[in-house]
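Subject: Structure handover and findings

Dear colleague,

I am passing on the structure below, together with some notes on its strands, cores and aromatic rings. Please read the notes with the coordinates open beside you.

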Amino acid sequence: NSECRHNTDNCTANIGFTFLLGQYGEKLIVGMQELSLSEYPAFKICSMDMDGTNRAILWEIPYQDGVSLSGAVHRGIVYYSIYYNETNDLEIYTVSLNDSKNGSELIYNGTGAVIMNGIGSVMNLLIMDVDGTYVYQYNMIDKSLKKIETDVFQNVRAVRFCQDGTVMYARDNHM
C-alpha cells in the first residue's frame, strides 16, 4: 500500500528492526526487534505469508542490551548469532522451522564475529576471531565445525562462497 507510512502495528509491512530475512517454502522468515510502548523490546523470529499477513512467532530470543544479532535461513533451519559488543563473545544457535517448539541448539560459543553465507551448493558460516582472522568454518550441510588451516582468510574484509565451490574474498582493496 503506497499510501501507508508502515509505522503502525496493523501494517503488515512494519516489522521493526530486521536482523534476518529469508524464505522457507511459501513463507517469509523474518528476525526482528519489535519496539512497542506496551512491552519490553523483544527479538523474535517470525513466519508470515509473502504479503506480510498471517504472522506467527516461531521463536523469541531474550532481549539483552549491547548485543548485535544476525541470521540466515537454510533448509528449514534458522541460524542466528548473538554478538556481545563489549566482550567480543559470540554464540551461534539453530532453530528448526519444522519444530521450533523443541527450542534452539547452541552450535558455537567463543569469541569473534561471524559471516553467514548460505548461497549455492556450499553453505557455510565463517567465524572470525577478534584479530580479524577467520578461524572456523561451519558447514550447514554436514553440520561440521572445522578450524581453517590456511592464512588466506587473514585480514579479509569480505568473503563469499560461490556456487561452484570457489571462494571470493576482498583484502587490501583487491578482490
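Helices (H or I, at least four residues) and strands (E, at least two) are taken here as DSSP runs, numbered from the N terminus. On that basis the protein has zero helices and 14 strands, and along the sequence its pattern reads β-β-β-β-β-β-β-β-β-β-β-β-β-β.

This is a predicted model, in which local features need pLDDT of at least 70 and side-chain atom pairs count only at pLDDT 80 or more, while totals for chains, interfaces and linings use all residues. Residues are numbered from 1 along each chain as its sequence is written, and side-chain values use heavy atoms, with hydrogens and water left out.

Of the 175 residues in the protein, 38% are buried, where buried means under 20% relative accessible area, exposed over 50%, and partly exposed in between (1.4 Å probe, protein chains only).

A nonpolar core is a set of buried Ala, Val, Leu, Ile, Met, Phe, Trp, Tyr and Cys residues joined through side-chain atoms within 4.5 Å. The largest such core has 17 residues, and those with the most contacts inside it are Ile-29, Ile-45, Ile-61, Val-78, Tyr-80 and Ile-82. Strand E1 (17-24), E3, E4, E5, E6 and E7 each supply at least two of its residues, with E6 giving the most, namely four. If neighbours within four places in sequence are set aside, Ile-61 is in contact (heavy atoms within 4.5 Å) with Phe-19, Phe-43, Ile-45, Leu-69, Tyr-80 and Ile-82. A second, separate core of eleven residues includes Ile-77, Tyr-79, Ile-92 and Ile-127.

The structure also holds three aromatic pairs; rings of Phe, Tyr and Trp (its six-membered ring) pair if their centres lie within 6.5 Å, and planes under 30 degrees apart count as stacked, over 60 as edge-to-face and the rest as tilted. Phe-43 and Tyr-63 are stacked, because their ring centres are 5.3 Å apart and their planes lie at 25°. Phe-43 belongs to strand E3 (residues 42-49) and Tyr-63 to the loop between strand E4 (56-61) and strand E5 (67-74), so this pair ties together parts 20 residues apart in sequence. Phe-43 is buried, at a relative accessible area of 5%, whereas Tyr-63, at 35%, is partly exposed.

Tyr-80 and Tyr-93 form a stacked pair, with 5.3 Å centre to centre and 20° between the planes. Tyr-80 counts as buried at 3% relative accessibility, and Tyr-93 is buried at 17%.

With best regards
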